[in-house]
Amino acid sequence: MTAQIVSARPAKNAVDPRRPYAFFVEPEATASGSIEDVATIFLTNRECPFRCLMCDLWKNTTDDTVPPGAIAEQIDYALARLPAARHIKLYNSGNFFDAKAIPPGDYPAIADRVRAFNTVIVENHPNLCTEACVRFRDALGTSLEVALGLETVHPRVLPALNKQMTLEDFDRAVELLLRDSIAVRAFILLRPPTLDEEQGVEWALRSIEHCFEIGVGCCAVIPTRAGNGIMERLQREGLFTPPRLVSLERVLEAGLRFGRGRVLVDLWDVEKLASCPRCGPPRVERLRSMNLTQRVVPSLACDCGT
Ligand code: SF4
Ligand SMILES: [Zn+2]
């Protein structure tokens with residue numbers, strides 16, 4: 001499966017190991033209910049060794065480990081250009097605690113640069129969650145949150161995603177992190193391959209419920225998208241269809257109504273789902289506002305069927 005996924009890939013983008021490939025500040029709902037600015041830096045580093053079926057994050061990565069000091073230099077570059085923020089996401093298109101992605105020798109320099117933020121959020125594969133997370137949090141001296149890809153609790157689809165992780169692995173990672181007071185957010189896919197629209201909604205909600213059940217504080221729902229080669233192939237074969245906007249709305253509404261933790265929907269590229277010129281822009285605005293306020297607001301009627 002891995003070979004098929006890799007062989008279907010288009011070319012990577014050219015990236016500079018001394019520069020982050022993107023950075024911005026945007027507001028986000030915090031655990032306490034306030035809305036606060038979060039800086040996000042997309043670090044340039046070596047490609048993730050996992051090869052998940054739906055992943056397109058490898059596009060902005062290097063083939064080799066970046067030189068010592070390069071990650072700190074990228075953070076300096078972004079922070080010098082960003083407005084102030086309370087929290088920071090250091091997202092690296094893979095796993096922060098993958099020693100070939102972020103050289104562990106750089107942890108002290110990274111910690112020096114971000115310890116003034118209230119929360120530092122990094123992403124990581126559940127099977128790479130070890131005591132290293134705790135040591136990094138101790139070096140930071142501020143709150144650490146780890147974002148883990150659960151993707152789905154569907155018992156047939158999760159193994160088919162090639163993530164090389166079981167639900168038990170995910171649960172174990174969450175337990176380890178929470179035991180040491182490291183907060184957890186989870187990424188959940190809306191309508192991964194082979195699920196129809198209704199099943200897509202149902203399993204996204206089941207996945208959110210599972211996360212809250214085991215103590216995850218925030219669920220970020222990502223509409224599954226094509227763009228990595230293999231997903232387009234599955235789409236042609238009828239095995240994958242991107243979710244509809246209305247499904248994203250349903251999942252956010254129902255997820256917020258659980259009242260168990262924060263639920264966010266990923267609005268990157270959402271315009272592709274919101275194609276109706278009449279209702280698309282106001283519906284995206286509604287989702288943005290629900291993300292921020294964590295409250296359900298009345299939906300907008302339209303007869304376009306998107
Ligand atoms: S673990 Fe994350 S970054 Fe790595 S291939 Fe899977 S989805 Fe992509
Ligand atoms: Zn419409």
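View 1. G259 counts as exposed, at 62% relative accessibility. Exposed means over 50% relative accessible area, buried under 20% and partly exposed in between, with a 1.4 Å probe and protein chains only. The model is predicted: local features need pLDDT of at least 70, side-chain atom pairs count only at pLDDT 80 or more, and totals for chains, interfaces and linings use all residues. Residues are numbered from 1 along each chain as its sequence is written, chains are lettered from A and ligands numbered from 1 in the order in which they are written, and side-chain values use heavy atoms, with hydrogens and water left out. G259 sits in the loop between α9 (245-258) and β8. Helices (H or I, at least four residues) and strands (E, at least two) are DSSP runs, numbered from the N terminus. From G259 to R295 the C-alpha to C-alpha distance is 9.7 Å, across 36 residues of sequence.

**View 2. E249 in helix α9.** E249 is part of α9. At 7% relative accessibility, E249 is buried. Neighbours within four places in sequence aside, E249 is in contact with R283, R286 and L287. Contact means heavy atoms within 4.5 Å.

**View 3. The zinc ion (ligand 2).** Four SG atoms coordinate the zinc ion, from C276, C279, C302 and C304, at 2.2 to 2.3 Å. Donors are N, O and S atoms within 2.8 Å of the metal (3.2 Å for Na, K and Ca); water is not among the atoms, so sites may look incomplete. The donor angles run from 101 to 121 degrees, which makes the arrangement tetrahedral. For four donors, that term requires all angles between 85 and 135 degrees. Along the chain the donor spacing is C-x2-C-x22-C-x1-C. C276 lies in the loop between β8 (262-265) and α10 (280-293) and C304 in the segment after α10, so the pair ties together parts 28 residues apart in sequence. C276 is buried at 6% relative accessible area, whereas C304 is partly exposed at 30%.

**View 4. The buried side of helix α3.** In α3 (residues 107-114), Y107, I110, A111 and V114 are buried. They cover an arc of only 100 degrees around the axis, which puts them on the same side of α3. The arc is taken from the directions from the helix axis to the C-beta atoms. These buried residues pack against α2 (70-79), β3 (87-91), β4 (119-124) and α4 (131-140).

**View 5. The shell around ligand 1.** Residues around ligand 1 include C48, F50, R51, C52, H125 and K163. Each has a heavy atom within 4 Å of the ligand.

Definitions and conventions:
Tetrahedral: all angles 85-135°; square planar, octahedral: opposite > 155°, others 65-115°.
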